[in-house]
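Please look over the sequence and the structure shown below before reading on. The paragraphs that follow lead through some of their features.

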Amino acid sequence: METLINCDIMIDIELIEMISGRNQSFEVKFLTKDKTKYKLAFDWVWDLRYSIENGYIDRFSKFIRGVEQESSVLLVENSKYIKYFESQVSGTRPVNDLKNYIIYDTVDTVIEVLTAKEPKLLRI
């Protein structure tokens, strides 16, 4: 079963303002509840999907919660998304180092990222 767990980034996101990117790099700019702006930067992104409003209810509701502390940036253990990606690339990319991150806000935006590197959190 897929399980949501904490990662090294512990933050409570109020509103995701912008998702932008280019070849294998993506940034997520957001506000916290105290209106501080941050940027979460990902390198070596191999796949990305996001949904706004109610498009993610089914998947998000089926995760087992193994979270120790509340955070809007989480990892997915035993990720079905990584398994799907592995079958889609037919062995052309190694998936051993891939991690599946979930980023969400209080306005129903959910972003799911497959990346081979840890993201960087920057205050802006």
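With which residue does Glu118 form a salt bridge? The partner of Glu118 is Lys99, and the closest N and O atoms of the two are 2.6 Å apart, where a salt bridge is defined as a side-chain nitrogen of Lys or Arg within 4 Å of a carboxyl oxygen of Asp or Glu. This pair links distant parts of the chain, since Glu118 is in the loop between strand 9 and strand 10 and Lys99 is in strand 8, 19 residues apart. Strands here are DSSP runs (E, at least two residues), numbered from the N terminus.

What is shown is a predicted model, in which local features need pLDDT of at least 70 and side-chain atom pairs count only at pLDDT 80 or more, while totals for chains, interfaces and linings use all residues. Residues are numbered from 1 along each chain as its sequence is written, and side-chain values use heavy atoms, with hydrogens and water left out.

A search of the whole structure finds six salt bridges. One of them joins the side chains of Lys33 and Glu14 (3.7 Å, N to O); Lys33 lies in the loop between strand 3 and strand 4 and Glu14 in strand 2, so the pair ties together parts that are 19 residues apart in sequence. Another is formed by the side chains of Lys37 and Glu17 (3.4 Å, N to O), and because Lys37 lies in strand 4 and Glu17 in strand 2, this pair ties together parts that are 20 residues apart in sequence. Lys37 is partly exposed, with a relative accessible area of 37%, and Glu17 is partly exposed as well, at 39%, given that buried means under 20% relative accessible area, exposed over 50%, and partly exposed in between (1.4 Å probe, protein chains only).

Eight bridges join strand 2 to strand 3 (residues 25-32), and the bridge partner of Ile16 in strand 3 is Phe30.

Strand 9 is a further part of the structure to follow, for six of its six residues are buried. Both of its faces are covered, with Val110, Glu112 and Leu114 buried on one side and Ile111, Val113 and Thr115 buried on the other. Six bridges join strand 5 to strand 9, and these two strands run antiparallel; six bridges also join strand 8 to strand 9, again in antiparallel fashion.

In the hairpin of strand 8 and strand 9, which has five residues between the strands, Asp108 takes a positive phi near 80°.

Notes
Pairing = 2+ DSSP bridges. Helix = DSSP H or I, 4+ residues; strand = E, 2+ residues; numbered from the N terminus.
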